[in-house]
Amino acid sequence: EGSILEIGCYYGRSTVLLAALGRSVYSVDPFDNFDSGDMSGEQIREAFCKNLSDRNIKNVRLYEMKVEDWTPKLVGFAYLDGDHTYTGTINQINKAVEAGATEFCLHDYVDSGGGAMIVAAAVRKKLKVIQVVERMAHCRL
C-alpha cells in the first residue's frame, strides 16, 4: 500500500511497470557516471522522460540526485536497483526504511559479481527474503 520508492530508474522500463499500479512513484537517480558513452547521463535521462511521456504517465516524480541526498517521502514499497556496491545497497535500504518502506524488491540479487554485494547488504540489514525470481528478491523487514 502507499507510494512507491524506486532507486535507480535508468531508462524507466521498471518505472513504467511501477506507475501502472496507479500509485505515486518517487524515482531517484543521479543519471551520471553510469554509461561510458553518456557520462553526463543526459541521453539516459532523456530516454527515461520519453518513456514516461510516450505512455502519458503522470504519477511519477523524478528526483535527479544521489539517494543519500533525497529527502524521504512516505512510501510503503521500495524497488532498489541503484548503486550495486555493498555500501550503495546499504544506503538504498537505509533510505527506503527511513521513508517507511517495509516491503522491498532488490534487483540483481545473485551470489556472484556485483549481485553478491547486494545479497551481503540484505543479510547485514536483516531483510527477510520471501522469494527470488530471475535475480529479483522480494524482501520484508
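I began with the lining of the largest cavity: two nonpolar residues, five polar and two charged. I count Ala, Val, Leu, Ile, Met, Phe, Trp, Tyr, Cys and Pro as nonpolar, Asp, Glu, Lys and Arg as charged, and the others, Gly among them, as polar.

The model is predicted: local features need pLDDT of at least 70, side-chain atom pairs count only at pLDDT 80 or more, and totals for chains, interfaces and linings use all residues. Residues are numbered from 1 along each chain as its sequence is written, and side-chain values use heavy atoms, with hydrogens and water left out.

I looked up the lining itself: L80, D81, G82, D83, H84, T89, Q92, H107 and I118. A cavity here is a set of points on a 1 Å grid over the protein atoms alone where a 1.4 Å probe fits but cannot get out; lining residues have an atom within 4 Å of a point. The volume is about 40 Å³, taken as the space filled by probe spheres set on the points, joined across faces, edges and corners. I found one cavity of 30 Å³ or more.

Next I turned to H107. It sits in strand β5, residues 103-107 (a DSSP run of E, at least two residues). Its side chain makes a polar contact of 3.1 Å with that of D81 (N or O atoms within 3.5 Å, one able to donate a hydrogen and the other to accept it; residues adjacent in sequence count only if both atoms are side-chain atoms).

Last, I checked β5. Four of its five residues are buried, so the strand is largely enclosed by the rest of the structure (buried: under 20% relative accessible area, 1.4 Å probe, protein chains only). β5 pairs with β4, residues 77-80, in the parallel sense over four bridges (pairing needs at least two DSSP bridges). L80 has L106 as its bridge partner in β5.

How values were computed
On a 1 Å grid over the protein atoms alone, a cavity is a set of points where a 1.4 Å probe fits but cannot get out, and a pocket is an open set with protein on both sides within 12 Å along at least five of seven lines; lining residues have an atom within 4 Å of a point. Buried means under 20% relative accessible area, exposed over 50%, partly exposed in between (1.4 Å probe, protein chains only).
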